[in-house]
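Visitor: I should like to learn how to read the features of this model one at a time. May we begin once the structure is on display?

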Amino acid sequence: MALKLVNLGFHSSIPCSPRPLKDRFVLRSSKVEQISFTESENSLIEALLGIQGRGRSSSRQQLNAVERAVQVLERLGGVPDPTKSNLIEGRWQLIFTTRPGTASPIQRTFVGVDFFSVFQEVYLRTNDPRVCNIVSFSDAIGELKVEAAASIEDGKRILFRFDRAAFSFKFLPFKVPYPVPFRLLGDEAKGWLDTTYLSSSGNLRISRGNKGTTFVLQKQTEPRQRLLTAISSGKGIKEAIDELISLKQNTGQEDPELEEGEWQMMWNSQTVTDSWIENAVNGLMGKQIIRKNGRIKFLVDILLGLKFSMSGNFVKTGSGVYGVTMDDAAIIGGPFGYPLELKNNFILELLYSDEKLRVSRGNNSILFVHVRTDALR
């Protein structure tokens, strides 16, 4: 039990990566830094977008898409003998795990909470080789750091033994020891990390651990990932949106189109009212379903199988700008519907759009972030 409180379950990964076919760009202030992903790596990044709780809040469809992308990369292979490569060294951010709710108590408590950032540090080429798992509560609060002495078994596997841990709180001048008797745990304090994929860029790693968990980690996240992380934590959302929009401008993205599909609203800049129906009519909750024939629908789950549905039409009126008329509303329960006399007209401006994520502006300059939830064409 005590060991499980410590084992966050991050593992190293075996590197491998074919020739890059697709690039992403990361914008930091006025400087654009290029991050190169292969087509297969990008498929994994796309599958991970919109998954919350690092896998805890995800549908079976989302999990299957991630697993397929992981398996493709593991079959392709990556950097040979990743544990011998300098690319494995450094600080990695945990993006996804297959068992956020079934592993150790610490993993159940912290890893599935998007408000916290979770990292793994791997340093094998020192006099004191270590693998450290870190939960960062916030810049203002501090972090928990769980450390393990590490050794390389072969080109793929790192052996480790947890030996110390402590909380570092910003409001205290000293560290608070983590109450786990590592020395008394014996073999329970030991484990191994297999690197099953390490990208040639050194930015993406897939790991599998001795407890059967799969992890996806990155050294740098791309702008869309940073926006969704900001939404989850409630910090820096506007700055992340500005970064994404600037990226579009700097990379010369073509006139964005309103993409067909089911789009889940992740965030909006408007404070919701006490009236759920007003929020639903204004698109402040639920899904947006876009069809190629110029049809659009708002769909909101209410309770007990009841849904609010409001349909209408959209017409493109300018570059990335659409006029929307919503005039067919109803409460739906199974095959039955109760019509509502509701109407809403507004202008929708696309600020950023691709096949997976969309940032738009509606009436009263309300900003929206949607993530596509149905399968890509």
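Visitor: How many of the 11 residues of helix α5 are buried?

Guide: The model is a predicted one, and burial is read from relative accessible area, with under 20% counting as buried. In helix α5 (residues 223-233), 9 of the 11 residues are buried, so the helix is largely enclosed by the rest of the structure. Among the buried residues are Arg224, Arg226, Leu227, Leu228 and Ile231. Just after α5, Gly234 adopts a positive phi of about 75°.

Visitor: How many residues of helix α1 are buried, and what follows α1?

Guide: Helix α1 spans residues 39-48 and is mostly covered, with 8 of its 10 residues buried. The buried residues include Leu44, Ile45 and Leu48, and also Glu41 and Glu46. After α1 comes Gly50, which has a positive phi near 90°.

Visitor: Which residues touch the most other members of the largest nonpolar core?

Guide: In soluble globular proteins, nonpolar side chains tend to be buried together. Here the largest nonpolar core holds 29 residues, and Leu144 and Ile158 touch the most other members. At least two residues of this core come from each of β3 (90-97), β4 (117-123), β5 (130-138), β6 (142-152), β7 (157-169), α4 (182-185), β9 (190-198) and β11 (214-218). The greatest contribution is that of β7, with 5 residues. Another core, of 20 residues, lies apart from this one; Ile290, Phe308, Phe314 and Leu350 are among its members.

Visitor: Is Gln93 buried or exposed, and which residues does Gln93 contact beyond its neighbours within four places in sequence?

Guide: Gln93 belongs to strand β3. Its relative accessible area is 18%, so Gln93 counts as buried. Beyond its neighbours within four places in sequence, Gln93 is in contact with Val118, Phe119, Val216, Leu217, Gln218 and Thr221. Val118 is 25 residues away along the chain, with 6.0 Å between the C-alpha atoms of Gln93 and Val118.

Visitor: How many aromatic pairs are there, and how are the rings of Phe167 and Phe169 placed?

Guide: A pair of aromatic rings is described by the distance of the centres and the angle of the planes. The count comes to 9 aromatic pairs. The ring centres of Phe167 and Phe169 lie 5.5 Å apart with their planes at 5°, so this pair is stacked. Phe167 is buried, at a relative accessible area of 16%. Phe298 and Phe346 form a stacked pair as well, at 6.3 Å centre to centre and 25° between the planes. Because Phe298 lies in strand β14 (residues 295-301) and Phe346 in strand β18 (residues 344-353), the pair ties together parts that are 48 residues apart in sequence. Phe298 is buried at 2% relative accessibility, and Phe346 is buried at 12%. One aromatic cluster is formed by Phe116, Phe137, Phe167, Phe169, Phe171 and Tyr178.

Visitor: Where does the charged end of Arg157 sit?

Guide: The charged end of Arg157 is placed over the ring of Trp192, 3.8 Å from the ring centre. Arg358 lies over the face of Trp263, at 5.0 Å from the ring centre.

Visitor: Over which residues does pLDDT stay under 50?

Guide: Where pLDDT is low, the predicted coordinates should not be read in detail. Residues 1-33 stay under 50 in pLDDT, although the model has 164 contacts beyond four places in sequence for them. For the chain, the average pLDDT is 84, and 84% of the residues score at least 70.

Conventions
Residues numbered from 1 in each chain as written. Predicted model: local features only at pLDDT ≥ 70, side-chain atom pairs only at ≥ 80, totals over all residues. Heavy atoms only, no water. Core = buried A, V, L, I, M, F, W, Y, C linked by side-chain atoms within 4.5 Å. Buried < 20%, exposed > 50% of the residue type's maximum accessible area, 1.4 Å probe, protein only. Helix = DSSP H or I, 4+ residues; strand = E, 2+ residues; numbered from the N terminus. Contact = heavy atoms within 4.5 Å. Phe/Tyr/Trp six-rings, centres within 6.5 Å; stacked < 30°, edge-to-face > 60°. Lys NZ or Arg CZ within 6 Å of the ring centre and 35° of its normal. pLDDT = per-residue confidence, 0-100.
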